[in-house]
2 protein chains.
Amino acid sequence: MPRPDRTTVHRHPERADADPAVLRRILDDALTCTVAWADAEGRPRALPTIHARIDDTLYLHGSRAARAWKTAAAGTELCVVATVVDELVLARTSPNHSMNYRSAVVYGRAREVTDRDELYAVARAITRHVLPGREDDAIEPGEDDWRETLLLAMPLDEASAKVRTGPPVDDPDELALDVWAGTLPLRTVAGTPQPSPDLRPGIEPPSYLGEFRRP
Amino acid sequence: MPRPDRTTVHRHPERADADPAVLRRILDDALTCTVAWADAEGRPRALPTIHARIDDTLYLHGSRAARAWKTAAAGTELCVVATVVDELVLARTSPNHSMNYRSAVVYGRAREVTDRDELYAVARAITRHVLPGREDDAIEPGEDDWRETLLLAMPLDEASAKVRTGPPVDDPDELALDVWAGTLPLRTVAGTPQPSPDLRPGIEPPSYLGEFRRP
């Protein structure tokens, strides 16, 4: 029997988007992701982490001290989910409510990044992923930092993207109902920067802090 | 050998928060969650969905047509992760960057909600979870809707919460560096409501649309 293709979208197949640019964009827009694996007893485990994408490789940020990340680095199969909610979809009836979301699911095994150039490039990409501009400001890792931080790489070979767009879909006989229907766009924005209590006087908040906006 | 306790936080144990109110609040603040399970071959699978909490029960919204949800309804072990990012934590050095996040991990098996009163209460709770106020406006499900929608219930018996708060932590010898350090609060806000193209004229956007704010 052929191996079932995990990347085929069975539910709402019209929402599947095979364009690699869509997948990449979801991974870039999602601030965090969730990494799932099966433990030695076959039970599901999952945790959130931060990530970054370079070309068609997904990088995950982990800790050497964490058992979960040791398991991941040992080549255990992983399933990574990244989700972006663009809009709430408000239909007239409760069951027709939805979200205009974009989700990516990436399957595979990860390799530990060990090459020095790749390590530094990934550290920079993760900082930039979280806050563009910060990667030029923050001091890059020292050699000692790699004793604690673990960076993992997963190819985007086995991955799927699912996207919903557009207005709510109500039945024709519901259109006359006296209920507002439409979409409510969401975005994540930054508030006022809070300087660290130990910040040296005279250092002003950098301008890129005010430019944070997602998606 | 005793069964390992999956809810013990091993990495950064100081971030573990055993207060049930903290766990409940994370589930309430997270707009979506990720549900993970192991498939018949023991491989990890995961997908995003919406949820709601009533007392100490987590409810998940699924579809009867989806194989994944049939698997979940059949009593497969699940691991549900909900994550809220409150602030970016910007340290002077790249490896000391972090996020002030709150994450919940819930383990267990789900039961399908079949009781009519519970079904309607959960449908209302999910609508309210996404957008408070909407649950009084949207038309409640009809009997036919339960043929498509699947609602699952998981107790919060085996769950953990992890919370980071506070400023970045840099080494004493890094405090003199010429780099801004502090936290950047994030919040998700709503933009301008987009009426559905088929909206009946004369229906104004309800006021609760302007009150969406998370966390």
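Guide: Start with helix H1 of chain A. Its buried residues pack against E3, E4, strand E5 (77-90), strand E6 (98-109) and strand E9 (158-163) of chain A. This is a predicted model. Helix H1 covers residues 20-29 of chain A, and its buried residues are A:Leu23, A:Ile26 and A:Leu27. Looking down the axis of H1(A), these buried residues fall within an arc of 95 degrees, so they line one face of the helix.

Now helix H3 of chain A, residues 116-130. Check its length: 15 residues at 1.5 Å a residue should span 21 Å. The expected span counts one less than the number of residues. The end C-alpha atoms of H3(A) are 22 Å apart, which agrees.

Which residues of H3(A) are buried? They are A:Val122, A:Ala123, A:Ile126, A:Thr127, A:His129 and A:Val130. Seen down the axis of H3(A), they fall within an arc of 160 degrees, so they too line one face of their helix. What do the buried residues of H3(A) pack against? In chain A, the partners are strand E3 (51-54), strand E4 (57-63), helix H4 (134-137) and strand E8 (149-155).

Strand E4 (residues 57-63) and strand E8 (residues 149-155) of chain B pair in the antiparallel sense, over seven bridges. One bridge can be located by residue: B:Thr57 has B:Pro155 in E8(B) as its partner.

Last, the setting in chain A. The chain has four helices and twelve strands. Its C-alpha trace spans about 65 × 60 × 30 Å along the principal axes. Of the 215 residues of chain A, 40% count as buried. Take the contacts in chain A between residues at least 6 apart in sequence: 72% of them join residues at least 24 apart.

Methods
Residues numbered from 1 in each chain as written. Chains lettered and ligands numbered in written order. Predicted model: local features only at pLDDT ≥ 70, side-chain atom pairs only at ≥ 80, totals over all residues. Helix = DSSP H or I, 4+ residues; strand = E, 2+ residues; numbered from the N terminus. Buried ≥ 20, exposed ≤ 12 C-beta atoms within 10 Å, placed from the backbone. Contact = placed C-beta atoms within 7 Å. Pairing = 2+ DSSP bridges. Arc of directions from axis to C-beta.
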